[in-house]
Amino acid sequence: MANARTSIPVWAALLGSGLAGMLVGVQSRANGGLSQQIGDGYLAAVVSFGSGLLLLSILTLCSPAARAGLGRLREEVRSGGYPVWGLLGGTCGAFFVLSQGLVASVIGLALFTVGIVAGQVLGGLVMDRIGLGPGGRVNPTPQRIVGTVLAVVAVAIAVSADIGGGNAVWLAVVPLVAGVGMAWQSAVNGLVRAAARSAIAATFVNFVVGTALLAVLAGVSIAIRGWPAAWPASPWLYIGGLLGVLFIALATILVRTAGVLLLSMSNVAGQLIAAVLLEAGLPLAGGVTVGLLIGAAVALAAVVIAAIPGRPSPRRPSSE
């Protein structure tokens, strides 16, 4: 399969990814707020992913190109040209949305996002190094390595300055793991798009897998806890699915141009900006503190350093 780059300029891909990251920050706040209101993070996650799947189902039905893309993808899998494991990017998306409801509402949106940052840049560095993304293998440059280290340092600063309890420190590890999963998801979804030749089809597959997993977990939660007594009336708490669709679609389109690491870097810059603003105005837990501001600033510095031009050209796998 050819790995030709798209015609999208790198700067435009990074800007688009940054805006998508801001949408993720808003999604985290909405899903975290919904979880707080109904008292069930599992159900809040399936509502978010399920509403996204509903929207994508309508888009797929209305798009001949998307339906054709699903057909191409099915044939690729049947013929062995595309691995089944490459369809499982939605599992990481499901874990991320689940962590928004279960963890962001406890440790706060800003700290949650700093953890996501470290996970994404770590995962992006690894994904580019092994060549999992559709753009081929990208060797790490000194700037990328320094940026990755700084991202991890940002988490350490935020945790050490603002958290005293061991349980909270452990919870900060959850978004870090979710961030690594998001980097893997971006890489795998880019491969799905390349096989299907349709961003809508790739995003649809992502949401089918994620919704199926979350539906099982939500079913268990409802069986144990019961159905929520009341649902919030605020419409904005239910926009997580729409924002997730926009984010996954943009990441799927832009990953070929920017590479997994730079895509993750620009994405988390947008997430950090949105998270600090939202935690200052609509806090989930504790609001913005000095430690979190320092951690966010260090993470942004990591993004800038890692995005400095001069990265080597990707090594494209040889055609068979």
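Which residues does F96 touch, not counting residues up to four places away in sequence? The legends below begin with this residue. The model is predicted, so local features need pLDDT of at least 70 and side-chain atom pairs count only at pLDDT 80 or more, whereas totals for chains, interfaces and linings use all residues. Residues are numbered from 1 along each chain as its sequence is written, and side-chain values use heavy atoms, with hydrogens and water left out.

**View 1. Surroundings of F96 in the largest nonpolar core.** F96 touches V24, Q27, S28, F112, I116, A178 and M182, not counting residues up to four places away in sequence (contact means heavy atoms within 4.5 Å). The core holds 59 residues, of which F96, F112, F207 and L214 touch the most other members. A nonpolar core is a set of buried Ala, Val, Leu, Ile, Met, Phe, Trp, Tyr and Cys residues joined through side-chain atoms within 4.5 Å; buried means under 20% relative accessible area, exposed over 50%, and partly exposed in between (1.4 Å probe, protein chains only). Helix α5 (residues 109–130) gives the most to this core, with 9 residues. A second, separate core of 16 residues includes L132, A183, V188 and V192.

**View 2. Helix α5 and its residue T113.** Helices (H or I, at least four residues) are DSSP runs, numbered from the N terminus. The 22 residues of α5 reach 31 Å from first C-alpha to last, close to the 32 Å expected at 1.5 Å a residue; the expected span is 1.5 Å times one less than the number of residues. Of these 22 residues, 17 are buried. T113 counts as buried because its relative accessibility is 2%, and T113 touches Q271, L272 and A275, not counting residues up to four places away in sequence. G131, with a positive phi near 75°, follows α5.

**View 3. Crossing of helices α2 and α3.** The axes of α2 (residues 41–62) and α3 (residues 64–79) come within 5 Å and cross at roughly 95°. Axes are lines fitted to C-alpha atoms, for helices over the stretch in contact, and angles run from 0 to 180 degrees between N-to-C directions. T60, L61 and C62 of α2 meet P64, A66, R67 and L70 of α3.

**View 4. Buried residues of helix α2.** Among the buried residues of α2 are G41, L43, F49, L56 and T60. Their cover includes α1 (10–38), α3, α4 (89–107), α8 (199–225) and α9 (240–258).

Definitions and conventions: Helices (H or I, at least four residues) and strands (E, at least two) are DSSP runs, numbered from the N terminus.
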